[in-house]
Amino acid sequence: MSRPGTQHGTQHREPAAPAPHGWVQAATAVAAALAALLATAALGVWAAGAADLPDGAFPRVVAAVVVLAVGGSVELSGGAGLLGGATAELDVLPLSVTLAGALTLAAGFLRPLRHRAVATVRELAGWAARIALLWALALIALAAFARHDFAVSPGGTLSDIGQLLDTAPRAGFAAQPPLTVVVGLLWLAGVLLLALAVSRGAPLPAALVRFHEPVRPAAYAMVALLLLWVAAGVIGGLIAAATRGRPAETLAVILLGLPNLVWLAYTIGLGATWDGRVQGPFGLPMPRLLDLVLRTREGGTLDLGSLAAHDGRVWWLLVAAALLTLGAGFLMAVRSPARIPPWRHAVQLAVALVLTVLMICLTVSVRAHYGLSLFGIGDLGGGLSAEVSLTPRIWSALGLAALWGLAAGFLGALLARPVHRRGGTERAGSR
């Protein structure tokens, strides 16, 4: 005779109940993401040499970096007494900080949704709304704290002129709470939607299950591709720090702007062209090769040819981009049902790669300027005028991405044929 709860002597196991996702879990997810953002920003700013900023500016600079990392707005300001004026502009995303926060927040969002096949729209919306409300409160607090004003000490002749004419320059920054909250919530929505698109174990509403097959394998392949470039950059950066000296500057690049550089390198490997300019001693760490190409009066062009003219090893970017894009096509095909024809893989990867390159173009672009003028005439030198700009030729970059995606998607599908083990339609939560 079988025991209660068993059938024919075999114990019956109930499916695991879904993990709770209420206010406590939402607070935990938001707190973990904030901790990742603040820790990465603090270490990066410290490595960049900002720990000695006057008047206790360091924690406020860290808060400003986090605001920038989630797409928020930070206004720069400056002045030089009665006879001088200063202009400042900063439009840059510290993508290392962004990536640390996004990965942590995505993990916290997905964790309670594991082991589920489907979920209702109401359930997912309620779970996301809890996180969004707490995230908005955190953004308001960060934006309120991210403001400071301090004196700039140029030294030398400019310092003497400043004392004589009451033109001692001051610089400051202040986050803009309304815009920061709006853009920060959009950033949050993008992170959560991408997390749902990438995770093969996260549930989808029944009406959206049909999008599992065409979207999730391609999204996963693109995220894996980007993270692999970052991992390669970390390894290269650590080797450079150990063998070439200046470890603090290299660490600052890794912790603040490594994805900016490696994703830029990926698009250049695909054949894209960027226009840029570097003038003056700007406090944004930059590899020497880029500085050589861009530090000209009229600016410079970043592409395989211009970079290879200074260092022939740049051609390896083409090889790396080709291999990793083909690998992404293979990975997408392996995670897709075997019945999908190669031409569909090609189209799906082309669309995914175009969107990925568009994201890179929008997030890696840089515009930063600081200038001090006397009597309203011109910018002063001596370290008080600097400019960095970097913009893509976006339509050619997207066209090249489409071609690469078509080729890599088709070849990846052919390479994946021997390892396919799936045939029919699968449920969203079964893979």
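This is a predicted model: local features need pLDDT of at least 70, side-chain atom pairs count only at pLDDT 80 or more; totals for chains, interfaces and linings use all residues.
Residues are numbered from 1 along each chain as its sequence is written, and side-chain values use heavy atoms, with hydrogens and water left out.

Q: Why is Ser73 counted as buried?
A: Buried means under 20% relative accessible area, exposed over 50%, and partly exposed in between (1.4 Å probe, protein chains only). Ser73 has 18% relative accessibility, so it counts as buried.

Q: Where does Ser73 lie, and which residues is it in contact with, leaving aside its neighbours within four places in sequence?
A: Ser73 is in the loop between H2 and strand S3 (74-80). Helices (H or I, at least four residues) and strands (E, at least two) are DSSP runs, numbered from the N terminus. With those neighbours left aside, Ser73 is in contact (heavy atoms within 4.5 Å) with Val67, Ala174, Ala175, Gln176, Leu179 and Thr180.

Q: What makes H2 largely enclosed by the rest of the structure?
A: Of its 12 residues, 9 are buried, so H2 is largely enclosed. Among the buried residues of H2 are Val61, Val65 and Leu68.

Q: How do you know that the span of H2 agrees with what a helix should give?
A: The expected span is 1.5 Å times one less than the number of residues. For the 12 residues of H2 this should be 16 Å, and the end C-alpha atoms are 17 Å apart, which agrees. H2 is followed by Gly71, whose phi is positive, near 90 degrees.

Q: What makes a set of residues a nonpolar core, and how many residues has the largest one?
A: Such a core consists of buried Ala, Val, Leu, Ile, Met, Phe, Trp, Tyr and Cys residues joined through side-chain atoms within 4.5 Å. The largest has 49 residues, and Trp187 is one of those with the most contacts inside it. Helix H2 (58-69) and helix H4 (121-145) are among the elements that each supply at least two residues of this core. A second, separate core of 48 residues includes Leu95 and Leu258.
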